[in-house]
Amino acid sequence: MTDLADFPITRRWPPVRPDVIQLYTLNTPNGIKTSVMLEECGLDYDAHRISITDPEDQMTPEFLSLNPNNKIPAMIDPNGPGGQPIGIFETGAILIYLGDKTGQFLPASGAARYHTIQWLMWQMGGLGPMLGQVGFFHRYKGKEIEDPRPRTRYYTEARRLLGVLDRQLEGRDWVTGAYSIADMAIAPWLRTVRVNYEAEAETGMDGFANVQAYLERFLARPAVQRGIEVGA
């Protein structure tokens, strides 16, 4: 592919500037990860708002052509490897790609690279999915379910995972020491527990001092504040 017109998604959401990154997103915790990374790296991009409740967005052939998993965010870089456009979905893959592209927030080699990636995978495979279930059963449609077992299960696992994070942050400002894509993946989910789910007490997050201080450091960053606003 040599032209963004080769991507069907651009027919539904036309690029404003075809020569910059095209981001398809919303200000969910997963959407915020990517917009924060783009802001932190100083990369120029067009942001296109994708509704997660409107089937006319996520389930359209155009969106599915870029992300067959019908989730936000997804991204097209018109200046990908070898100068050719590339489309990418899944936030972990996008963060690694942008880290490698810019040489920022992801060590290029050595132990530090794998330490960063392991905490990114911890968020992708554990923290994010468990906190998402907390949100469903605590705040959204799942709260109507009278059986307490699912809710208890996810509160308990969220508390365990937040304890893991709290211990890792002891004596550190950031998860691996240096601010990285791992922090950009983890902290938006902590914000969601506080702001969207209002479940700090139920998950025990309000009792983890290191986690609380970590979230405040993250939210104080100007690039984070800009990234949060993008999908809104």
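Buried, in this talk, means under 20% relative accessible area, exposed means over 50%, and partly exposed is in between, with a 1.4 Å probe and protein chains only. By that scale arginine 12 is partly exposed, because its relative accessible area is 33%. What you see is a predicted model, in which local features need pLDDT of at least 70 and side-chain atom pairs count only at pLDDT 80 or more, while totals for chains, interfaces and linings use all residues. Residues are numbered from 1 along each chain as its sequence is written, and side-chain values use heavy atoms, with hydrogens and water left out.

I will start with the salt bridges. The term stands for a side-chain nitrogen of Lys or Arg within 4 Å of a carboxyl oxygen of Asp or Glu. The count by this rule is twelve.

Arginine 12 is in one of them, with aspartate 57, at 3.7 Å from N to O. Arginine 12 belongs to helix α1, residues 9–12, and aspartate 57 to helix α3, residues 55–58, so the pair ties together parts that are 45 residues apart in sequence. Helices here are DSSP runs of H or I with at least four residues, strands are runs of E with at least two, and both are numbered from the N terminus. Aspartate 57 counts as buried because its relative accessible area is 12%.

Next, arginine 221 and glutamate 40 form a salt bridge, with the closest N and O atoms 2.8 Å apart. Arginine 221 sits in the loop between α10 and α11 and glutamate 40 in helix α2, so this pair ties together parts that are 181 residues apart in sequence. Arginine 221 is partly exposed at 24% relative accessibility, whereas glutamate 40 is buried at 14%.

Another salt bridge joins the side chains of arginine 194 and glutamate 200, at 3.6 Å from N to O. Arginine 194 is partly exposed, at 22% relative accessibility. There is also a network: Arg17, Asp44 and Asp46 are joined by salt bridges that share partners.

Lysine 33 is in helix α2. Its side chain makes a polar contact with the side chain of asparagine 30 at 2.9 Å, and another joins it to the side chain of threonine 91 at 3.0 Å. A polar contact is a pair of N or O atoms within 3.5 Å; within protein, one must be able to donate a hydrogen and the other to accept it, and residues adjacent in sequence count only if both atoms are side-chain atoms. Leaving out residues up to four places away in sequence, lysine 33 touches several others, among them Gln123, Met184 and Trp189. Contact means heavy atoms within 4.5 Å.

On to helix α10, residues 209–219. Its buried residues are Asn210, Val211, Gln212, Tyr214, Leu215 and Phe218. These pack against α2, α7, α8, α9 and α11.

Last, arginine 139, in the loop between α6 and α7. Arginine 139 is partly exposed at 32% relative accessibility. Not counting residues up to four places away in sequence, arginine 139 touches Val134, Asn196, Tyr197 and Glu198. Arginine 139 and glycine 110 are 29 residues apart in sequence and 42 Å apart in space, C-alpha to C-alpha.
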